[in-house]
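Please look through the sequence and the structure shown here before reading the report that follows.

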Amino acid sequence: MGNGNSREAKESRRSRLLQKLQRFRSHRHLRSRCSRNAAGIANQRAVTAEDFSGIALLTLIGADMKFKDKWLACVSFGEQTFRTEVSDTTEKPIWNSEKKLLLEKNGPSLARVSVFETNRLSRNKIVGYCELDIFDFVVQEPESVRKSFDLLDPASSKVVGSIFLSCAIEDPVETEKRFAKRILSVVDYNEDGQLSFKEFSDLIRAFGNLAASKKKEELFRAADLNGDGVVTIDELAALLAHQQEKEPIINNCPVCGEALQISDKLNAMIHMTLCFDEGTGNQVMTGGFLTDRQASYGWMFKLSEWTHLSTYDVGLNTGSSASHIVVIDRKTKRLVEELIDSKIVLSMRAIYQSKIGLRLMDQGAKEILQRLSEKQGKKMSSVESAQKIPSFLEFFKACKDQINMAEVRYPLQHFKTFNEFFIRELKPGARPIAYMNRDDVAVSAADCRLMAFQSVEDSTRFWIKGRKFSIRGLLGKNVNPNAFLDGSLVIFRLAPQDYHRFHVPVSGVIEKFMDVSGSLYTVNPIAVNSKYCNVFTENKRTVAILSTAEFGKVAFVAIGATMVGSINFVRKEGDHLKKGDELGYFSFGGSTVICVFEKDSIRIDEDLLANSGRSLETLVSVGMQLGVSTRTLAGSTFS
């Protein structure tokens, strides 16, 4: 009878979890369909309130490739990447590598699986990739079922092979029991499969719950049904699972020490399960990597990191200290590496991260950069420059989401010069504008890496390290800065592979344009994070003042950079613009737009502020939601 009730309880818990997962999935799809109207805002609140969390077990079984080689696979999910072992030389590699992934509300759901050939020690080459939505997978296949996915070439999107994997939601009851057995085995000092009262007491103390510590005798007696003074691990695991449902006794994770949300019992157990697995290396896949490229190099990369030849990191000032720039993709919630030639990185660090380098800049190199940019601009407008387009696309082939020729308005053969391709237009509808009919919602002005700060003080604490940065200096002498002092600041950094046309983030009227002469430093984070350089206040730039009904005045600052020959506007003073309308474009090179909002006029989206607070740029597209007018918030339209 007892066993029957246990099975029913187990099925009931699993059933409830899957129902919550299905509701969560349907809410996500509904939010996507409603993203262009006001009703979608209410739906977004419902999704936020939906309480879902669980563990998915993803297994990379093997692949079917078109030629023989040694293969490895990487899984990127959120801010983590994991890798398999390298297979034998074959065209049908088998890995059978698994990893547990945390599924949570507002968390990542899209996993990217990349397959690399490893026939040369010095270079691992990505051959194909696929992406799958873990939520959709486990809803459609609640049990672990093997499925095949096409692997696509990053450059051409042609099918280059197949990968076989399975994924299933883990039963929460089994999660709890397996965790309890693993953690209890740690305090089973004599490894006899039983716990004495002393061993049990040590465990309760590790849980950090004073009330439970006072009741440890009572709990021990409840588990010790036959009164022999010892409790089997299975018995105690069952007791703790029951107690966690009734009256949680675990306040702190015994692995990492982090305080747990007592009210969120399932999430607490999931945290401890994953934390314990990571802490003991219990998983088959190797973790500890940020991107699939980093993971593909495995121990060789870690060796180079240890010897300071190369570093990957996220956090304060990593733009200046790391030789690889890592940003987080807002759409997939996954970390991605920004591709940049290593020789360029070294030269930028030599110039912008030292007093000597900047002194050389002051002694004539600024004029050299100016002439070089003008010369390069003319070169990229020549007919011969069109020959560089294929090699440019090849270098950035891993950035399919950023150079997607299917979105480009004209075919490749249409572009007669490199600059024509560089300032390419997109097809209508390629960049949907969030809540198009609501002028109280601001949107991203560019395809870019974005940093957002609620105040100028935050921007200088987390990102801009130039000692002379100020709103006054940014806007120039001919713009009255009073309305913008201590306002909110949003930085849109465009990399060479990005769509280089910029759009207005808010609806309004162009009051005036003001040109500010200056240098052409790079806008790369290596320079922005340098305390020796003042990129945004010294570079050539144009300031446009927008007058809006919902946000007051907004300063739109287009900043030139090294190799950017010109800043071009397609609108004039007095024009009325709807948010998302094109305002202008940059010619060849990387460049930046900065928008300054009046103080307390906008509430920037929390995810953008959180990433920026970690000094982590967010990869966004034109039209993505940026923030909401505080005037709307005061009227309680948004929560």
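Predicted model: local features only at pLDDT ≥ 70, side-chain atom pairs only at ≥ 80, totals over all residues.

Cys595 is accordingly not part of any disulfide, and the cysteine sulfur nearest to that of Cys595 belongs to Cys448, at a distance of 9.8 Å.

## The annotated active site

Which residues does the UniProt annotation "active site" cover? According to that record, which is an unreviewed entry, they are Asp447, His503 and Ser591. Although these residues span 145 residues in sequence, no two of their C-alpha atoms lie more than 14.0 Å apart, and they therefore gather at one spot.

Ser591 belongs to strand 24, which covers residues 591-597, and Ser591 is buried, since its relative accessible area is 0%. Asp447, by contrast, is located in a loop, namely the one that runs between strand 14 (441-443) and strand 15 (448-453).

## The surroundings of Asp447

Is Asp447 buried or exposed? With a relative accessibility of 6%, Asp447 counts as buried. If residues up to four places away in sequence are set aside, the residues that Asp447 touches are Arg431, Leu494, Asp498, Tyr499, Val620, Ser621 and Val622. With one of these residues, Arg431, there is also a polar contact, which joins the side chain of Asp447 to the side chain of Arg431 at 2.7 Å.

Leu489 is placed in strand 16, which is made up of residues 488-494, and Leu489 is buried, with a relative accessible area of 0%. Between Leu489 and Ile471 there is a separation of 18 residues in sequence, while in space the distance from C-alpha to C-alpha is 9.4 Å.

## One face of helix 7

Which residues of helix 7 (residues 216-223) are buried? They are Lys216, Leu219, Phe220 and Ala223. When helix 7 is viewed down its axis, these buried residues fall within an arc of 100°, and so they line one face of the helix.

Methods:
Residues numbered from 1 in each chain as written. Heavy atoms only, no water. UniProt positions renumbered as here; feature names shortened; annotations may be inferred. Helix = DSSP H or I, 4+ residues; strand = E, 2+ residues; numbered from the N terminus. Buried < 20%, exposed > 50% of the residue type's maximum accessible area, 1.4 Å probe, protein only. Contact = heavy atoms within 4.5 Å. Polar contact = N/O pair within 3.5 Å; in protein donor to acceptor, adjacent residues only side chain to side chain. Arc of directions from axis to C-beta. Disulfide = S-S within 2.5 Å.
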